[in-house]
Amino acid sequence: MTTNVDPEKTAKDSPIEIHLAAGAADRGASQQASGAQPGATSSEPSLGPPIFRLQDMGVWYGKHHAVRGVTMDVPRNAITALIGPSGCGKSTALRCLNRMNDLIPGARVEGRVLFGDEDLLSSDVDPVDLRGRIGMVFQKPNPFPKSIKDNLEFGMKVNGIKPTAERVEQALVDAALWDEVKDRLKAEAFSLSGGQQQRLCIARAIAVEPEVILMDEPCSALDPIATLAIEDLMKNLAERYTLVVVTHNMQQAARISDQVAFMTVEGTAEGDRTGVLAEVGTARQIFSAPKDPRTEAYITGRVG
Amino acid sequence: MSTLETPAPPPQPPVASTVRPLAKKRARPSEQLFKWLVVGLTAITMAMLIWLLTSVLIRGAGSVSWAFLTDKPSSNPAKAGFNSALRGSIVLMMVTIFFAWPIGVAAALYLEKFAAQSATLTERRLRERLATGRVTGPGAAWTRIRLWWLRIRPRVVHLVDVNISNLAAVPSIIYGLLGLAIFVGVMGISKSLLAGGLTLAVLILPIIIIAAREALRAVPMSIEQGAMALGATRWQAVRSQVFPAALPGILTGTILAMSRAIGETAPLIVVGGVVYSTAVPSLNPLEAGNEALLAMPLQIYFWTDQPQASFQAIAAAGIIVLLATLLVMNLVAIILRNRYSKRW
């Protein structure tokens, strides 16, 4: 994962213009300085210790092998972006991390996903408890058809957290929504705009004090202004949480992420189409010096 | 292409010569024919309905009065009132809803939210448990039964599905026979409001189940997934988010099912017969087992069966009261639907 790339050189033949988040680089640098990854030798900002280790993870939907052989680490307190063309299994792969695939009839996950030292796919792990620790934000904002306050309190109640006014406020502040809704906490969540609803969903996820937040194309239903607000929010959240974000927007991945995993589709001998992990690396490396020709083809816009 | 000295281009030809002239409005006889056919058929339906309503109103309006609603039945048509029938119908509805609603909604919740859920992991866990050999004797047998159930569950659910849809279409008199055989025959309940209410409960059970399932299905999966992604169990997600969101729809369906039940005559005739009674049923539903089976449609049926013309008039008055009740119930259902229905 550690690559020695000369930034001067790569900037010249860089296929797309890169806007790497300054914050992302800073976080990486501080982790390196604290000796989190002693092996890092380049000027490249390195990534922190992993919170997830995916080992040969795959997903079957009945007889369809949707995703196969994903092996990668997800660094703690950083943003990992999953990019790739439609149908490459990004969302499917993401849903393995909080066992949401369990809810899909006929879905079966193979391989191992170590969370800390334990395999969270193991059949004796309680998926309900796990989902309280690994939150999720969906593609389309899905607030509950209740008040803003109720939306936040539900998650706390099911996780045994006392739903106090302070906690509600804190979650809304963290999700950069407090100033807009502080006078109408009893208002229907549906009365908010799309971008506000999505921030409410993020607040709802934060309110249960998770360790990781998974986001499945959280901005794809939003306009550019709301997208920017969510992206700023994600960068702030990465200081305290680990974020794994699925996006099909490469500019977004370049703007926010520390690590990028590129997935693509491969045909199999049986005529099936399977999602595979083509390449994983730091955002700078993937966007400036992709090693896999498929990654390069995708990020230069020749395919996808 | 040409030199700069070329003279001004030739004048443009008039527009009309380059565009085909617009067609003039023309008659389309088949279109007209179809329109009038539809209008005519609608008019026939409306005319029949209006004729029915006006004839009932003309005959019965004079007899509808406060006294008519509060008086006991009597063999004298001038003194006969609708009070017993009204009370009977109210108690019937209480009994019906008390039994049909919880059972119907529970069945809908199970079929819609639990029976269809993924069993892949449960199956894997049970298989692993058997494979380790730690469970023995009755424990192992129970595990095997659960595995067997998970395997046949989709087929059982499908069978139940098909049967519920069919039951909703079974003629109501069949339910009357069923009620007579089971509630009166086997369970030994007297031919009372209780027996009648239970029969009507069975009659509207499939309607409630179908309506409740539709209401539950109308709540997007994203709500349930959102709740479960926060660490809620399926039951917590369904109870706190999906069910409240579906409740207006469930209640609308329930009221429509009740308005079906309140007008049912045939099953009540089969269960209790048409009896002449001057008793005034208590409005306490706990007494329903001891009260004679009286209801609005039964009383109307009884009166129309009498030879005297003055009984026909109070039968028409009874129909007006029944129709007014139905109208109010349907109105409540419409208000509920319009007011609380959510656009996702």
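1. Strand E1 (residues 50-61) and strand E4 (residues 107-115) of chain A form an antiparallel pair over eight bridges. Helices (H or I, at least four residues) and strands (E, at least two) are DSSP runs, numbered from the N terminus; strands pair if DSSP finds at least two bridges between them. Within this pair, A:Val59 stands opposite A:Val109 of E4(A).

2. This is a predicted model, in which local features need pLDDT of at least 70 and side-chain atom pairs count only at pLDDT 80 or more, while totals for chains, interfaces and linings use all residues. Residues are numbered from 1 along each chain as its sequence is written, and chains are lettered from A and ligands numbered from 1 in the order in which they are written.

3. The E1-E4 pair of chain A belongs to an open sheet of ten strands with mixed pairing, in the order E5-E4-E1-E2-E10-E9-E3-E8-E7-E6. Strand E5 (118-119) and strand E6 (134-137) of chain A are at the edges with a single partner strand each, so one side of each has no neighbour in the sheet. Helix H8 (residues 194-207) of chain A lies across E6 and strand E7 (212-216) of chain A, and runs at about 175° to E6(A). Such angles run from 0 to 180 degrees between N-to-C directions, with axes as lines fitted to C-alpha atoms, for helices over the stretch in contact.

4. Chain A as a whole has twelve helices and ten strands. Of its 304 residues, 51% are buried, that is, with 20 or more other C-beta atoms within 10 Å of their own, the C-beta atoms being placed from the backbone.

5. How many helices and strands are there in chain B? Chain B has 13 helices and zero strands. Its radius of gyration is 31 Å, well over the 20 Å that the globule rule gives for 344 residues, so chain B is more spread out than a compact globule. The radius is taken over C-alpha atoms, and the rule is 2.2 Å times the number of residues to the power 0.38. Along the principal axes, the C-alpha atoms of chain B fill a box of roughly 115 × 80 × 35 Å. Buried residues are 31% of chain B.

6. Helix H4 (residues 83-114) and helix H12 (residues 296-304) of chain B have axes that come within 7 Å and cross at roughly 145°. B:Ala85, B:Leu86 and B:Ser89 of H4(B) meet B:Met296, B:Leu298 and B:Gln299 of H12(B). The residues of this contact are four nonpolar, two polar and no charged. Ala, Val, Leu, Ile, Met, Phe, Trp, Tyr, Cys and Pro count as nonpolar, Asp, Glu, Lys and Arg as charged, and the others, Gly among them, as polar.

7. Between the chains, 22 residues of chain B are in contact with 28 residues of chain A, contact meaning C-beta atoms, placed from the backbone, within 7 Å. On the chain B side, H9(B) gives the most, with seven residues. That side comprises eight nonpolar, ten polar and four charged residues.

8. The largest nonpolar core has 157 residues, and A:Ala203, A:Leu243, B:Ile204 and B:Ile208 have the most contacts inside it. A nonpolar core is a set of buried Ala, Val, Leu, Ile, Met, Phe, Trp, Tyr and Cys residues joined through C-beta atoms within 7 Å. Helix H8 (residues 193-218) of chain B gives the most to this core, with 16 residues.

Key
Buried ≥ 20, exposed ≤ 12 C-beta atoms within 10 Å, placed from the backbone. Contact = placed C-beta atoms within 7 Å.
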